[in-house]
Amino acid sequence: MTMSIHSVPDRELVLSTGRAHPELAAAVAAQLQLDLLPMTAYDFANSETYVRYTESIRGKDIFLFQSGSTPVNQSLMELLLMLDAAKRASAGNVTAVVPFMPYARQDKKSRGREPISARLVADLLTTAGADRVMSIDLHTSQIQGFFDIPVDHLGAMPVLVDYVRGRVDIENVAVVSPDAGRIKVAEQWAASLGGCPLAFVHKTRDVTQPNKSHANRIVGDVAGRDAVLVDDLIDTGGTICEATKVILDAGAKSVTVAATHGVLSLPAPQRLHESGAREVVITDTLPISASQRFQELTVLPIAPMMARAIKQVFDGGSVTSLFDGSMLTGLA
C-alpha cells in the first residue's frame, strides 16, 4: 500500500541516500511517492570520500539513508559527511536513517582498555549534524541512552512474526533465544506466537577472539516442536549454526531462524545452508548480494514499515502508535 505526503505549511520532506544501500532508500521513497534527492558521491584516489547535494535543501526536512554495510568504516564516514553537508546547506531538520547501526555490538567494556565504540558513533552522528536518528533493532535498547537527540528505535519483529506465523505449527512451536542475553526478545516472540514455550541456548563466548562462541546445551523443552530461533543479526553464522545443531540434537522437529539484520560475512552462507535449519528469515536492512544468498534464505522487505515511521515523524505524529508497544520500544 502506498502513501502520499500531505502538505505541511512551510515544510518539505526530502529523502536522500548514500551508497551503502540505495535500493532500500528507493523502496521507501516509492512507498512515500517521492523521488530521492540526487547526491554526488565518489572516492578520491587516496580513498577519501566526497559528497554534495545537487539541489538546494535550505529549510527542508531531510532524511538521510545510510546503513552500516560493508565496508563499514567507509559507510559510516560517508554518512558523517552527508550530515555535515546537510547542516552547512542550511537544512531545516536532519534525520539520520541508519537501519543497521554500525558498531552497535561494541556497546560496553568487556575487558579493560577497550573503547565503547557504540557511544563514540552516537557522539559522531550528533556532532556531524543529526537532529534525530532512526534505526532498526539496535543490538541493545540501552544504546539509545548514548544519544542526546531523539532516537526512533524501530522493531522488525511485526514483519518477521507475520511471516513466521504462517510457516510453523502454531499449536506445536517453541521460541528459542541463542543466549541468555536475548531472553526478553524471545519472550516477546513467544507472546506474539500465542504464548508458546520458551527456551534458550546456554552459550560461552571467547572474549579474546571475535565471532567465537560455543553453544553448550538447550535450557527448556523443544522436543517434537517447530523451533523458532530468534536473534538481532547474523554475521558469520557461527552462533546460529551451533545453536541450530544443539536444538536439533534436543529433539526439535525443525528450526526456523529469524533475524533482523543479515550481515552474512563469509563463511555464513555456506554454514547456514549446511546447518540443518529449515529456513533462515531476515529483512533487507542491509544489501544482500547474489553470493550471500542460499536456498534456505528468505529476505523480507522492511521499506513499508520505515515509510510509515518517517511519515509519522514528519507529520509530528506518534511512531509508537503504529506498532504493538511490546514489539517496538523506546520511541518518541
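**Side-chain contacts**

Tutor: Let's begin with a charge over a ring: the charged end of Arg 11 sits over the ring of Phe 314, 4.3 Å from its centre. The rule is NZ of Lys or CZ of Arg within 6 Å of the ring centre and within 35 degrees of the ring normal.

Student: What sort of model is this, and what pLDDT do local features need?

Tutor: This is a predicted model, where local features need pLDDT of at least 70 and side-chain atom pairs count only at pLDDT 80 or more, while totals for chains, interfaces and linings use all residues. Residues are numbered from 1 along each chain as its sequence is written, and side-chain values use heavy atoms, with hydrogens and water left out.

Student: OK, how many salt bridges are there?

Tutor: The count comes to 16 salt bridges, taking a side-chain nitrogen of Lys or Arg within 4 Å of a carboxyl oxygen of Asp or Glu. One of them joins Lys 60 and Glu 12, at 3.9 Å from N to O.

Student: Where do Lys 60 and Glu 12 sit in the chain?

Tutor: They link distant parts of the chain, 48 residues apart: Lys 60 is in the loop between β3 (49-53) and β4 (61-65), and Glu 12 is in the segment before β1 (13-17). Helices (H or I, at least four residues) and strands (E, at least two) are DSSP runs, numbered from the N terminus.

Student: And is Lys 60 buried or exposed?

Tutor: Lys 60 counts as buried because its relative accessible area is 18%, and the cut-offs are under 20% for buried, over 50% for exposed and partly exposed in between (1.4 Å probe, protein chains only). Glu 12 has 42%, so this residue is partly exposed.

Student: Which residue does Asp 107 form a salt bridge with?

Tutor: That's Lys 108, with the closest N and O atoms 3.6 Å apart. Asp 107 is buried at 11% relative accessible area, whereas Lys 108 is exposed at 52%.

Student: What about Asp 123, which residue is its partner?

Tutor: Arg 119, and the closest N and O atoms are 3.1 Å apart. Both residues lie in helix α3 (residues 117-128), four residues apart, or about one turn of the helix. Elsewhere, salt bridges that share partners join Arg 19, Asp 43 and Glu 78 into one network.

Student: Switching to rings: how many aromatic pairs does the structure hold?

Tutor: Three. One of them is Phe 44 with Tyr 50, edge-to-face, at 6.3 Å centre to centre and 75 degrees between the planes. Rings of Phe, Tyr and Trp (its six-membered ring) pair if their centres lie within 6.5 Å; planes under 30 degrees apart are stacked, over 60 edge-to-face, and the rest tilted.

Student: Which residues form the aromatic cluster?

Tutor: Tyr 42, Phe 44 and Tyr 50. Phe 44 is partly exposed at 39% relative accessibility, and Tyr 50 is also partly exposed, at 30%.

Student: Last topic: how many residues has the largest nonpolar core?

Tutor: It has 41 residues, and those with the most contacts inside it are Leu 15, Val 28, Phe 65, Trp 189 and Ile 310. Helix α8 (residues 303-315) gives the most to this core, with eight residues. A nonpolar core here is a set of buried Ala, Val, Leu, Ile, Met, Phe, Trp, Tyr and Cys residues joined through side-chain atoms within 4.5 Å.

Student: What does Ile 310 touch?

Tutor: Leaving out residues up to four places away in sequence, Ile 310 touches Leu 13, Leu 15, Val 28, Leu 32, Phe 63, Phe 65 and Met 134, where contact means heavy atoms within 4.5 Å. Another core, of 34 residues, lies apart from the largest one and has Leu 37, Ala 96, Ala 104 and Leu 125 among its members.
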